[in-house]
Amino acid sequence: MTSRQRTADSNSLSPRRRTVVKAAAATAVLAAPLAAAIPARAAEAPAFLHGVASGDPLPDGILLWTRVTPTAEAVPGSGLGPDTEVAWTVAKDKAFTQVVAKGSVTATAASDHTVKADVRGLAPATDYWFRFSAGGTDSPAARTRTAPAADAAVTNLRFGVVSCANWEAGYFSSYRHLAARGDLDAWLHLGDYIYEYGTGEYGTRDTVVRQHAPTHEILTLADYRIRHGKYKTDPDLKALHAVAPVVAIWDDHEFANDAWSGGAENHTEGAEGAWTARQAAAKQAYFEWMPVRPALAGTTYRRLRFGKLADLSLLDLRSFRSQQVAVGNGSVDDPDRTITGRAQLDWLKAGLTSSDTTWRLVGNSVMISPFAIGSLSADLLKPLAELLGLPKEGLALNTDQWDGYTDDRRELLAHLRSNAIRNTVFLTGDIHMAWANDVPVDAGTYPLSASAATEFVVTSVTSDNLDDLLKVPEGTVTALAAPVIQLANRHVHWVDTDRHGYGVLDITADRAQMDYYVLSDKTKANATSSWARSYRTRTGTQKVERTYNPV
């Protein structure tokens, strides 16, 4: 590991958005035949039109993925095409002269002709090359990397970090720039890998940059498969999947906006079918199309370890949560409401307690740090808050986040404090802004009260943020909003409400540092990338501080 070379490289908001960041007037629907949105097919089948990918690295293994198109008509979601034998090969070199593992799996219409190979018996902390073959056709070759041995004294880890990629809002240049680095152990996708809306129905600054498929809101298994398939034709996404393993969790848009265990804001029971059927279809398509190893049937919560340096607990904050409540509703404090579900919260607490790594990373799809106004934390005002039924931690602006489920948050943070669990870092997406936060035990009295953890939130790859929603020049809103946000939320060290991009998390025994990168223009396929800011958490501090150079 240590010898491996690293190279650096408004007032009118739509009701169908769950935060101030996710609101925009729907644009006109752009009609186009579905056939026009399907990728051009090779002259002869079979073909590997959707690239190859790897994920969930283990010390001795990796999960490989591809989708084969056995015949021209066997497009995603069609249910057509014959069973096809797909061979896979893993080698130490790109030329495949040093093959270390191989096998085969059958692609069928029942799994939308997607295949996975969970390869074991590999060496830890090692780069490998892999490819698939079918009917005399080879897929592109791709690189992956195994995790360090569980007991390895790892000097350094580096992860790309992304979330919220709306196809219609722009190009996925963030993926291209991460792929070009060549120094990632893995990359984390923290949710909203796809979006469920119909054409023009989600924020795009009133301009659909490129049309997705299908053009209607996705509801059925075929719909979700087509949408996943469209995303997997993006050249920048394919490039990133081909150079490093992904570790992914879902948020709501892999299902529908503001999804919870029994429904979603963007789902009309009956008119759009049964939620149970839609949720099942979305989950099936996700596990077919993503190189994700489900820990439990139908969930994405699981844990990966990277030597003695870090473990990564990955959360599923949609499958078990209670329905969201209205902003300002005191029931956010109801102990019977949950964002994790009892079993998952107990699993997370137990894992944090038993961890013997230097760092405890938590892949977390919605922000855990409070983002509130109207704090009533002073002792004299707490009885009034209780009498009026106001939230104990202030008026939350987004009850889809942990702010809407404060009892779960209090239990988790109290657990960290009472067990003296250090170096817990939440890695978060969802809100389409970049943040660097302490995670206070009592936000109302912070910084006099303790910080139990820290949180790095990455902005969106393309999904609209505040300047997009208000249609003002980039940076306008941040200049006005950031001081107000920080005044009301003293645990927030930095917030950028306006720009798109990605993060690079670099970890050593001494610190965990997030370098924030931004794009020049999400609507341009050749957008450039530049470093914006960096923040770090030094070991043992549970606090964020600014640092003035990227790693």
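Buried means under 20% relative accessible area, exposed over 50%, and partly exposed in between (1.4 Å probe, protein chains only). The model is predicted, so local features need pLDDT of at least 70 and side-chain atom pairs pLDDT 80 or more, while totals for chains, interfaces and linings use all residues. Residues are numbered from 1 along each chain as its sequence is written, and side-chain values use heavy atoms, leaving out hydrogens and water.

H5 comprises residues 275-289. Of its 15 residues, 11 are buried, so H5 is largely enclosed by the rest of the structure. The buried residues include Trp275, Arg278, Tyr286 and Trp289.

## The packing of H3 against H5

Two packed helices are described by the angle between their axes and the distance between the axes. The axes of H3 and H5 come within 8 Å and cross at roughly 35°. Axes are lines fitted to C-alpha atoms, for helices over the stretch in contact, and angles run from 0 to 180 degrees between N-to-C directions. Contact means heavy atoms within 4.5 Å.

On the H3 side, the contact is made by Leu221, Tyr224, Arg225, His228 and Gly229; the H5 residues include Arg278, Ala281 and Trp289.

## The seven-strand sheet

Seven strands form an open sheet in the order E12-E13-E14-E17-E19-E18-E20, with mixed pairing. Two strands pair if DSSP finds at least two bridges between them. E12 and strand E20 (492-496) each have a single partner strand and stand at the edges, so one side of each is left without a neighbour in the sheet. From one strand to the next, the twist averages 20°.

E12 and strand E13 (residues 310-314) pair in the antiparallel sense over five bridges, and arginine 305 stands opposite aspartate 311 in E13. By contrast, strand E17 (residues 424-428) and strand E19 (residues 451-457) run parallel, joined by four bridges. Threonine 428 has valine 457 in E19 as its bridge partner.

## Helices across the sheet, and a buried glutamine

Helix H8 lies across E17, strand E18 (434-440) and E19, at about 120° to E19.

Glutamine 401 lies in the loop between strand E16 (395-396) and helix H8 (406-418). Its relative accessibility is 0%, so glutamine 401 counts as buried.

Conventions: Helices (H or I, at least four residues) and strands (E, at least two) are DSSP runs, numbered from the N terminus. The expected span of a helix is 1.5 Å times one less than its number of residues.
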